[in-house]
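Student: I am new to this one. Could we look at it together, step by step?

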Amino acid sequence: GRLATVTVNKQQYESRGASIHALSLHMQDFVKILGLKHRREVAGKSAIFSGEHFVLEETDWYLLNLFRLWWHYGISFLRLQMWVEEVMEKFMRIYKYQAHGYAFSSLEELLRSLGGDAFVNMTQRSVAESLLEVGVTQRFVDDVIAAVLRSSYGQSVLVPAFAGAMSLAGAQGSTWAVEGGNKLVCSGLLKLTKANVIPARVTGISLHSSEGRALYQVHYEGSEGQGSAFYDMVVVTTPLHPSRSNFTFENFEPPIADFPGAFQPSVTSVVHGYLNSSYFGFPDPKLFPFASILTTDTPDLFFNAMDNICPVNISAAFRRKQPQEAAVWRVLSQQPLDKQQLKTLFRSYYSVQVTEWQAYPRYDAAKSLPPIVLHENLFYLSGVEWVASSMEMIAVAAKNVALLAYNRWHQDLGKIDQKDLMHKVKTEL
């Protein structure tokens, strides 16, 4: 059959963070298949700022870092690591399931197959609640967990536990980025699949039928005017939420409506200038040691995080600028920075480039997960962001939709929503 994919604006994917969450080797192998290379890491220390002082500072010595974590927070760090590893170990089962062709018709069924009802419940309760339950201290949650979530999702420790676990897994150093920029993953996939890309904006999808099968007419508007085409299957990858979806569904009964929920605004300011190290307690800029600054959830703080960024292509001779030199900094905030705030962070600057975008779901805005199947052969991909939002989650969801569409088309129901999959997979080996 013919397949159409209704995609989101390209900018959303080009702006989506600096690294791919490397929860497994599967994502790395997937990227290598596209002929892409691992972007070289550039050393740099991190710290967490409270608005008045640094509550935690990274050093060049691994053992000293561990000692500081133990001194300030006891064994909370170990309890956090054990909790994240347990979640990730169960999450990794999805790759085995998909390798054997199994698919799921709802996000709840997918989560339940990986971690039972506990995984489904993790989308409804906060990461703070879950961590406190396993013995992580409130101070560690307020200082460290809050800083990581402000940096990754721009939100508080009230985000759901599953999304929090994904964010925390990506913050532990095992990240993977593509030489030349992560946007090359998207262009590489298009080239590999030899997809026929129509550069146009979809305005609507209408339902028809042919020989007892559903047929979908995709209406679009491009530089050459309006057009449409018929498809046997359609995958919608743009968010179907108020103010985000800009097309309509016609002739569907019951009607397909927007799903409840909102998105978290995020502002990325790329500033080329001289850091005001005095604001962070370092009057002599030469002594400022950090390349990345995270922040606690303090009302007076006007930014979520900032880091000294490197080019997307890094030569072997590349070195970070000295702290007293002009460098390129990325500042993440929820509102555009005004001139006074820029003067607070920088002694002076040459340029400021600002991008505002609806970055991630606002996780306190909806309590139910969107469906995967909108109609017989009409599928929705972006609902997975309400479980957790990362490039790896989208890749997993995309393969699930591909397998689901294939299995439904060929009526292979034994590969959809099966129970006790770990046992089934073992017996198939």
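Student: Does Phe119 count as buried or exposed, and what is its relative accessibility?
Tutor: Keep in mind that this is a predicted model. Buried means under 20% relative accessible area. Phe119 falls under that cut-off, so Phe119 counts as buried, at 3% relative accessibility.

Student: Which residue forms an aromatic pair with Phe119 that is edge-to-face?
Tutor: Planes over 60 degrees apart count as edge-to-face. In this pair there are 75° between the planes and 5.2 Å centre to centre. The partner of Phe119 is Phe162.

Student: How many residues apart in sequence are the parts that this pair ties together?
Tutor: Phe119 belongs to helix 6 (residues 107-121), while Phe162 belongs to helix 9 (residues 161-170). The pair therefore ties together parts whose separation in sequence is 43 residues.

Student: Which residues form one aromatic cluster with Tyr279?
Tutor: Phe280 is one of them, and its ring centre is 4.9 Å from that of Tyr279.

Student: Which helix gives the most to the nonpolar patch?
Tutor: The patch covers about 820 Å² of surface, and Leu64 is among the residues that make it. Leu64 lies in helix 3. With four residues, the element that gives the most is helix 3.

Key:
Residues numbered from 1 in each chain as written. Predicted model: local features only at pLDDT ≥ 70, side-chain atom pairs only at ≥ 80, totals over all residues. Heavy atoms only, no water. Patch = residues over 30% accessible without salt bridge, like charges linked within 9 Å, V, L, I, M, F, W, Y side chains within 5 Å. Areas by Shrake-Rupley, 256 points an atom, 1.4 Å probe, with all protein chains shown as cover. Salt bridge = Lys/Arg side-chain N within 4 Å of Asp/Glu carboxyl O. Helix = DSSP H or I, 4+ residues; strand = E, 2+ residues; numbered from the N terminus. Phe/Tyr/Trp six-rings, centres within 6.5 Å; stacked < 30°, edge-to-face > 60°. Buried < 20%, exposed > 50% of the residue type's maximum accessible area, 1.4 Å probe, protein only.
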